[in-house]
Amino acid sequence: MRRKSASLLILSLALTLTVTACSSGGGNGNTNGNNAAGTETGANNEPAKDNNKATQLSIMWWGPDARHEATKNALSIYTKQHANVTFKPEFMAWDAYWQKLPTLAASKSITDVLQMDAAFLQEYVARGQLEDLSDVDLSGIVDPKVIENLKIGGKLYGIPLSQNAAGIAFNKEELAKYGIALPKQNWTYDEFFQWARDARAKLPEGKYPIGDSGTWDSFNFYQTSMGKDPVMADEGKKFTLDKDLFMTYYKTYEEFRKAKIVPPAEQGAAFLENDPQADPMASGVLMTRGATTGSVSALEQLMPGKVGVVNMPVGPSGGGWAQSTIFLSVSANSKHKDEAKKFVQWFISDKEAGNALGLTRGIPINPEIYKVLEPTLEQKDKLGKEIYDLSVEKALPFYSAAAGFSEWVDTYKKEMEAVSYGQQSIEDAYDKINKMGMDLAAKAASK
């Protein structure tokens, strides 16, 4: 997938936030146009009130060529339906997009409309770069629970474009072959861990029921499912790494390494998601691995007809997440906020636009659009929808790393890798990770 920052989902609990997957992207798109915001204004530099006033909306997005072409077609449809509105588009690959956006933000010249990702949404809200879109009518289009989970400080800063969720993919053919019960919806963490123990007893040497766990987001799933605060909250000013839960969770995986319920650290480090030979599940080594609505289609293509899906394990407060991770936002500095808001609402509600956009941003967030497209979907796409449907009942909000915590995320992974290799204790890793997180939170709070 497109993100270098997304961690490999080699374990049955992990995501790729980065989600990687989550909102599909990448590709080698060519840019077209520039970043200049529209300039048609009324008196006192306010947006023009005349609905017939000619308006040009600047818009930018990332993604592969298929997304570029589909989006340009949708923009043409909007102009046909709204003759007074034209567009100045710019589109590029993922890396180029996130290299350019900070520069635009610094000069307050972000386009009127921009594609936004959950991993960066809070950062740009904190910068004051995004407009509050709470007044955009999404009734009948987006599940109210999803909207609520997306709010930051009680306000909505991104219109969700697609359904996405974290789940677990499993090799239903192999599990049936060895007489292992298939994972079930809303299984608890205790049930998940016991399932792994039971499955190990039936699997031959060299095959493992689940992967190891060593990323902050996989533990964050566990911590929040137990009713605790997310590891990072309040824009990074609050840091909570529950030591009791941390020790319980990682001592379970320590047991699993000794009992060969998870593969050796060296083997786990060599996994490469979606590679036919090195993918943890497609290679036949693991019976399960993490997947999202967007990423499971690639796995199904590697293992046609063999992939089943289930939601993340849950605790008393729920578990996993099910919401969009890719959005359309409006610049806080746009001179055409009203027109931009009309456009982003149209983007997910108009059926002609939905036909043009297809699945280029994943399963459409609007159920009516999905119904139109459903007869044309392949099994790989239906699996993505299944993950979402299984997850939404117990879903918690999507938690991304707070701004300024990127080094901490890397440190967490490094310290837990040292644990998995037997180079340090779980408690020593906790002390280092917790101290760094507390220091960063104190720094964020002092600003």
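Let's start with strand β1, which covers residues 55-62: seven of its eight residues are buried, so the rest of the structure largely encloses this strand. Keep in mind as you look around that this is a predicted model.

**Strand β1 and its partners**

Which strands pair with β1? One partner is β2, made of residues 85-92; the two run parallel and are joined by eight bridges. To find this pairing in the 3D view, look for Thr55, whose bridge partner in β2 is Val85. Another partner is β3, residues 113-117, which also pairs with β1 in the parallel sense, over two bridges. Here you can look for Ile59, whose bridge partner in β3 is Val113.

Together with β1 and β2, helix α1 (residues 65-81) makes a right-handed β-α-β unit.

**Aromatic rings that meet**

Now turn to the side chains with rings. The count of aromatic pairs comes to 40. One of them joins Tyr189 and Tyr222: the ring centres are 5.0 Å apart and the planes stand at 80 degrees, and because an angle over 60 degrees counts as edge-to-face, this pair is given that name. Where in the chain do Tyr189 and Tyr222 lie? Tyr189 is in helix α6 (residues 189-202) and Tyr222 is in helix α7 (residues 216-225), so the pair links distant parts of the chain, 33 residues apart.

Are these two tyrosines buried or exposed? Tyr189 is buried, with a relative accessible area of 1%. Tyr222 is buried as well, at 7%.

A further pair is formed by Trp321 and Phe398, with ring centres 4.8 Å apart and planes at 85 degrees, so this one is edge-to-face too. Trp321 sits in the loop between β10 (307-311) and β11 (326-330), while Phe398 sits in the loop between α14 (379-391) and α15 (406-420); the pair therefore ties together parts that are 77 residues apart in sequence. Both Trp321 and Phe398 are buried.

Note on methods:
Residues numbered from 1 in each chain as written. Predicted model: local features only at pLDDT ≥ 70, side-chain atom pairs only at ≥ 80, totals over all residues. Heavy atoms only, no water. Buried < 20%, exposed > 50% of the residue type's maximum accessible area, 1.4 Å probe, protein only. Helix = DSSP H or I, 4+ residues; strand = E, 2+ residues; numbered from the N terminus. Pairing = 2+ DSSP bridges. Right-handed = clockwise from strand over helix to strand, strands pointing away. Phe/Tyr/Trp six-rings, centres within 6.5 Å; stacked < 30°, edge-to-face > 60°.
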